[in-house]
Amino acid sequence: MAAADPHPASAIASATLSRNAGEGLGAPPIVELHGVGKRFASGLKALDGIDLTVARGEFLSLLGPSGCGKSTLLRIIAGLSEPSRGTCQVSLGEPDKPAPSGRIGFVFQDPTLMPWSTVAANAELPFRIAGRVRSEERDRVAAALRAVGLAGFERAYPHQLSGGMRMRVSIARALVTDPELLLLDEPFAALDEITRFALNDDLLRLWETRQPTVLFVTHSVFESVYLSTRIAVMSPRPGHIVADLPVNLPHPRTGTRTSPAYAAICETVSRALGTAMTDIRA
Ligand SMILES: Nc1ncnc2c1ncn2[C@@H]1O[C@H](COP(=O)(O)OP(=O)(O)OP(=O)(O)O)[C@@H](O)[C@H]1O
Ligand SMILES: [Mg+2]
């Protein structure tokens, strides 16, 4: 077993999982939130009046201070939690066709791998839960692991991997079902900058290749601008959206980090975040 993290330059671009060309054209928004609020049983109000519409194929970052309700919002969109007020509509699949399960992929901040299972078994989990692991599903797991640069590590256990590799397993697990909607909750927050930049590029290639809709939670202005087509800036708790900013930077984004246009958008977003910090509701 090789010990080094491979970080292949075009790992995700080589993904073999397929998506129909043109899927989603003219389709309704994939996510529509109107007046969403969340008050927990403890009485704590985490979210207040969230209005957000996400079109298919967007890469939207949710940027806001710690505790403003970003994870709460992502859980509501994933259907893991109910809003206390307002409506959350997620439109998956094609009109008049029920959406198969697995159309939403969720990558948590912590890789949350089963330490007793191999890389392949961890990535296979969504299929095991659905009760179907046949050769087709195994092929999809192999393709997802190849896509995140983990070919050759299928039989390794989580403790034999670096932090970046463990996060790649977590991303592969979210990809095996070829989700239409990919929800990522600060997936790279605990990683060193070099690994984080490499995974940023892998995620961008995945999005450029397969065009899933991505909702990406981050604290980082620089990361949000580098990755996104749009940034929603949230206020402190109770979280609401105070700025909705387009990121008009060309793809691929190689070389973007040193461009004046990138610096200018980072400044705009930083200012919006600064203003957001003063926008506190009772
Ligand atoms: N199950 C829960 N019961 C009660 N309060 C909760 C629950 N989950 C979250 N909260 C509270 O809701 C608020 C928002 O939490 P959330 O985890 O959504 O914030 P966040 O923006 O994701 O923060 P961070 O950036 O630190 O991850 C916090 O004050 C948190 O304590
Ligand atoms: Mg969170």
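In which loop does Glu186 lie? Select Glu186: it lies in the loop between β6 and α6 (193–210). Its phi is positive, about 45°, although Glu186 is not a glycine. Most residues other than glycine have a negative phi, and most peptide bonds are trans. Glu186 is buried, with 21 other C-beta atoms within 10 Å. Here a residue is buried if 20 or more other C-beta atoms lie within 10 Å of its own, exposed if 12 or fewer, and partly exposed in between, with C-beta atoms placed from the backbone.

**Before you go on**

This is a predicted model: local features need pLDDT of at least 70, side-chain atom pairs count only at pLDDT 80 or more, and totals for chains, interfaces and linings use all residues. Residues are numbered from 1 along each chain as its sequence is written, while chains are lettered from A and ligands numbered from 1 in the order in which they are written.

Colour by pLDDT, the predictor's confidence in each residue, from 0 to 100. The protein averages 86, and 87% of the residues score at least 70. Now select residues 1–25: pLDDT is below 50 there, and beyond near neighbours in sequence this stretch has 42 contacts in the model. A contact means that the C-beta atoms of two residues, placed from the backbone, lie within 7 Å. Where pLDDT is low, the predicted coordinates should not be read in detail.

**The whole chain**

Switch to cartoon. The protein has eight helices and nine strands. These are DSSP runs numbered from the N terminus: helices are H or I with at least four residues, strands are E with at least two. Of the 282 residues, 40% count as buried. Among contacts between residues at least 6 apart in sequence, 76% join residues at least 24 apart.

**The six-stranded sheet**

Select β5, β6, β7, β3, β8 and β9. In that order they form an open sheet of six strands with mixed pairing. β5 (104–107) and β9 stand at the edges, each with a single partner strand, so one side of each is left without a neighbour in the sheet. The twist averages 15° from one strand to the next. Strands count as paired if DSSP finds at least two bridges between them.

Zoom in on β6 and β7 (residues 213–218). They pair in the parallel sense over five bridges. Leu184 stands opposite Phe216 in β7.

Move to β8 (residues 230–234) and β9 (residues 241–246). Five bridges join them, and they run antiparallel. Ile231 has Leu245 in β9 as its bridge partner. The two strands form a hairpin with six residues between them.

Select Pro238, in the loop between β8 and β9. A cis peptide bond joins Arg237 to Pro238, with omega about -5°. Next, take Pro252, in the loop between β9 and α8 (260–276). The bond from His251 to Pro252 is cis, with omega about -5°.

Then select Asp178, in the loop between α5 (163–175) and β6 (181–185). Its phi is positive, near 50°. Is Asp178 buried or partly exposed? With 18 C-beta neighbours inside 10 Å, Asp178 counts as partly exposed.

**The three-stranded sheet**

Select β2, β1 and β4. They form an open sheet in the order β2-β1-β4, with antiparallel pairing. The edge strands are β2 (45–54) and β4 (85–90), and each pairs on one side only. Six bridges join β1 (residues 31–39) to β2. One pair to show is Glu32 with its bridge partner Thr53 in β2.

**Last stop: ligand 1**

Show ligand 1 and the 13 residues around it; Phe40, Ser66, Lys70, Ser71 and Thr72 come nearest. A residue is near if its C-beta atom, placed from the backbone, lies within 6 Å of the molecule. By class, the shell has four nonpolar, seven polar and two charged residues. Ala, Val, Leu, Ile, Met, Phe, Trp, Tyr, Cys and Pro count as nonpolar, Asp, Glu, Lys and Arg as charged, and the others, Gly among them, as polar.

Helix α1 (residues 70–78) gives the most to this shell, with three residues. In α1, Lys70, Thr72, Leu73, Leu74, Ile76 and Ile77 are buried. Finish on Gly79, which follows α1 and has a positive phi near 80°.

Notes
Axes are lines fitted to C-alpha atoms, for helices over the stretch in contact, and angles run from 0 to 180 degrees between N-to-C directions.
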